[in-house]
Amino acid sequence: MAGTQKAAVAVVLAALALTATACNNNDSDGKNAAPAAPTTAAAATTAATQAAPPAKVSPAVFLEQVTKKTGAAKSAKITEEITVGQVTMKGQGAMGWSDGLEADLTMDLTGSPMAKVLEPLTGGPKVHYLYTPDAMYMGLGGEMVQSGGGPHWLRYSKEELAKMSGGSTDQLQSADPVQGVRTLIAGGQVTEVGPETVNGKAATHYSGEIAAADLIKASGRGVTQEQADRIKQNLDKAGVTSEQVDVWVDADQLVVKRTEHADTKAGPMNVSVSYSDYGTPVIASTPVDFLTLADLAKLAPGGAGS
């Protein structure tokens with residue numbers, strides 16, 4: 001194997017944890033925000049009109065109906081934007097939630113410290129991610145593929161993702177429209193802001209502030225007490241005490257946009273995801289030509305494969 005490839009592997013190994021942590025474990029300089037999850041939309045909102053939920057139905061009750069309608073839609077195209085401090089990452093693609101979370105996303109890391117660190121593996125600032133119910137795959141390029149002739153993906157198991165992210169078992173939760181609405185409901189105080197236009201579509205805006213303890217409770221299915229404790233430790237380390245969650249719902253009771261905001265030690269964190277084309281196909285097939293993290297470690301200088 002070429003020396004340049006071994007050197008690239010050694011550098012990237014030190015940064016791989018950053019690609020799985022999203023915003024769960026931010027340092028004060030904001031450098032370890034990562035593209036998974038993403039974890040999170042680029043849409044400006046303007047005033048418009050739309051009928052309010054049925055009379056005598058509370059916002060929380062209405063949003064429960066939204067979770068059922070959006071859940072039944074099974075998939076959607078998404079556009080997301082994640083900002084932590086001065087670092088912004090953008091992504092687009094499609095995700096599904098009918099049988100576990102899955103997605104096909106391309107993240108633009110231009111301006112992020114990770115772009116240069118990952119470039120020997122990815123070949124540039126744009127990174128292709130595939131999420132399946134049991135793993136995440138990061139597209140390989142640049143020296144990694146050119147020198148070795150493939151494989152074209154790096155695989156993280158769900159267990160590896162949970163370990164690196166401090167307890168989170170699903171890196172896509174921040175982009176899941178159903179989970180986003182459930183998180184808002186979990187706060188116990190939902191306000192109907194009113195009618196607005198999102199991406200040219202009439203919608204109703206709902207907002208609420210969720211305490212850190214409620215964020216942990218709403219973090220998703222399959223979270224053990226140990227994982228919940230690690231999530232709490234990461235929230236404490238990041239200085240997150242609460243989070244504001246906003247969702248916009250159209251006349252078909254489908255989520256068209258959701259945002260999250262929290263103050264962290266790294267600076268303001270903002271995640272925004274827009275949804276369209278419900279029912280769109282997501283992943284055609286799961287990659288078969290991939291490296292595991294163990295394989296990658298063997299390629300580094302001093303590794304078993306050196």
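Student: Leaving aside neighbours within four places in sequence, with which residues is His 205 in contact?

Tutor: Contact requires heavy atoms within 4.5 Å. Setting aside the neighbours within four places in sequence, the partners of His 205 are Thr 191, Glu 192, Val 193, Gly 194, Glu 196, Asp 246, Val 247 and Trp 248.

Student: On what kind of model do such values rest?

Tutor: Residues are numbered from 1 along each chain as its sequence is written, and side-chain values use heavy atoms, without hydrogens or water. Local features need pLDDT of at least 70 and side-chain atom pairs pLDDT 80 or more, while totals for chains, interfaces and linings use all residues, since the model is predicted.

Student: Is His 205 buried or exposed?

Tutor: His 205 is found in strand 9, where helices (H or I, at least four residues) and strands (E, at least two) are DSSP runs numbered from the N terminus. Relative accessible area under 20% is termed buried, over 50% exposed and in between partly exposed (1.4 Å probe, protein chains only). With 9% relative accessibility, His 205 therefore counts as buried.

Student: What span does helix 3 reach from its first C-alpha to its last?

Tutor: Helix 3 covers residues 59–73, 15 residues in total. The expected span is 1.5 Å times one less than the number of residues. The expectation for helix 3 is 21 Å, and its reach is close to that, at 21 Å.

Student: Within what arc do the buried residues of helix 3 fall?

Tutor: The buried residues of helix 3 are Phe 62, Leu 63, Val 66, Thr 67, Thr 70 and Ala 73. The arc is taken from the directions from the helix axis to the C-beta atoms. Viewed down the axis, these residues line one face of helix 3, because they fall within an arc of 155 degrees.

Student: Which exposed residues does helix 3 carry on the face turned away from its buried side?

Tutor: The buried residues of helix 3 have a cover that includes strand 2 (75–84), helix 7 (177–186), strand 9 (201–211), strand 10 (242–249) and strand 11 (255–264). On the face turned away from the buried side, the exposed residues are Lys 68 and Ala 72.

Student: How far apart in space are Ile 78 and Tyr 275, C-alpha to C-alpha?

Tutor: Ile 78 has its place in strand 2, and its 2% relative accessibility means that Ile 78 counts as buried. Its contacts beyond four places in sequence include Val 273, Ser 274 and Tyr 275. Ile 78 and Tyr 275 are 197 residues apart in sequence, yet their C-alpha separation in space is 4.7 Å.

Student: Which residues lining the largest pocket are the closest to its centre?

Tutor: A pocket is an open set of points on a 1 Å grid over the protein atoms alone, where a 1.4 Å probe fits, with protein on both sides within 12 Å along at least five of seven lines; lining residues have an atom within 4 Å of a point. The largest pocket has a volume of about 170 Å³. Of its 15 lining residues, the closest to the centre are Asn 199, Val 256, Tyr 275, Ser 276 and Asp 277.

Student: What is the phi of Asp 277 near?

Tutor: Asp 277 lies in the loop between strand 12 (267–276) and strand 13 (290–292). Asp 277 counts as partly exposed because its relative accessibility is 46%. Its phi is positive in a residue other than glycine, near 50 degrees.

Terms used:
Grid points are joined across faces, edges and corners, and a volume is the space filled by probe spheres set on the points.
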